[in-house]
Each structure stands twice: as C-alpha cells, then as structure tokens.
Amino acid sequence: MVFEKIAEILAEQLSIDVDEITEDSMLEEDLDAGSYDIIDVVMSIEDDFQLEVPDEEIESWKTVGDIVSFIENNR
C-alpha cells in the first residue's frame with residue numbers, strides 16, 4: 001500500500017504514468033525528478049503519511065524503494 005501511494009504522488013508531481021514507476025526506479029535518472037520536484041514530493045509525503053522527513057534522509061533517497069522503506073520504518 002505504501003508503494004502504491006508513493007507511486008501516485010510521484011506520478012502526479014512529475015506528470016508521468018504511474019505504471020512507469022517501480023520500487024527500483026531511480027528518482028533522478030529514471031523519473032527525471034529534480035530537487036524542486038523532490039521538495040514537492042516530500043511535502044506530499046509529510047501530509048499524506050503524517051510524518052516529518054529530515055533533510056539528511058531526503059539526501060539519501062536514490063530510488064522509490066528508499067522512500068517506501070523510510071515510510072515503513074517511521075510510521
């Protein structure tokens with residue numbers, strides 16, 4: 001369920017098809033997410049999952065799976 005919600009957020013923020021997103025998708029290389037895109041994604045994640053994402057955590061995210069793991073471990 002977490003992956004599906006993250007995929008929806010990414011698809012909406014990046015204007016891409018949700019079916020193009022996998023847990024192995026690289027945020028920058030595969031999804032073409034820039035730093036401003038990531039900020040928007042983080043704000044949506046914080047709102048939807050009711051948690052705060054530290055800046056140092058955001059810097060470590062390389063794949064969609066990294067985001068999913070963070071959320072699953074911090075709920």
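1. Is Gln50 buried or exposed? Gln50 is exposed, because its relative accessible area is 67% and the cut-off for exposed is over 50%. Keep in mind that this is a predicted model. Every value below is computed from that model.

2. Where does Gln50 sit? Gln50 lies in the loop that runs between helix 2 and helix 3. Its backbone deserves a look. The phi of Gln50 is positive, near 55 degrees, and Gln50 is not a glycine. Most residues other than glycine have a negative phi.

3. Ser15 is not a glycine, yet its phi is positive, at about 55 degrees. Ser15 belongs to the loop between helix 1 (2-14) and helix 2. Ser15 counts as exposed because its relative accessibility is 67%.

4. Now the overall fold. The protein chain has 4 helices and 0 strands. Read from the N terminus, the order of elements is α-α-α-α. Helix 2 covers 35-49, and helix 3 covers 55-60.

5. Next, the dimensions. The radius of gyration of the protein chain is 11 Å, which agrees with a compact globule, because a globule of 75 residues would have a value near 11 Å. Along the principal axes, the C-alpha atoms fill a box of roughly 25 × 25 × 20 Å.

6. What about burial and surface? Of the 75 residues in the protein chain, 40% count as buried. The chain exposes about 4,800 Å².

7. Contacts across the sequence come next. Take the contacts in the protein chain between residues at least 6 apart in sequence. Of these, 51% join residues at least 24 apart.

8. What is the volume of the largest pocket? The volume is about 270 Å³. The lining of this pocket has 15 residues. Closest to the pocket centre are Glu28, Ser35, Ile38, Ile58 and Glu59.

9. Which helix supplies the largest share of that lining? Helix 2 does, with 4 residues. Helix 2 and helix 3 each give at least two residues to the lining of the largest pocket. By residue class, the lining of the largest pocket holds 8 nonpolar, 2 polar and 5 charged residues.

10. Then go to the largest pocket, with Glu28 and Ile58 among the residues closest to its centre.

Conventions: Residues numbered from 1 in each chain as written. Predicted model: local features only at pLDDT ≥ 70, side-chain atom pairs only at ≥ 80, totals over all residues. Heavy atoms only, no water. 1 Å grid on protein atoms, 1.4 Å probe; cavity = no way out; pocket = protein on both sides within 12 Å on 5 of 7 lines; lining within 4 Å. Points joined across faces, edges and corners; volume = space filled by probe spheres on them. Nonpolar A, V, L, I, M, F, W, Y, C, P; charged D, E, K, R; others polar. Rg over C-alpha atoms; globule rule 2.2 N^0.38 Å. Buried < 20%, exposed > 50% of the residue type's maximum accessible area, 1.4 Å probe, protein only. Contact = heavy atoms within 4.5 Å. Areas by Shrake-Rupley, 256 points an atom, 1.4 Å probe, with all protein chains shown as cover.
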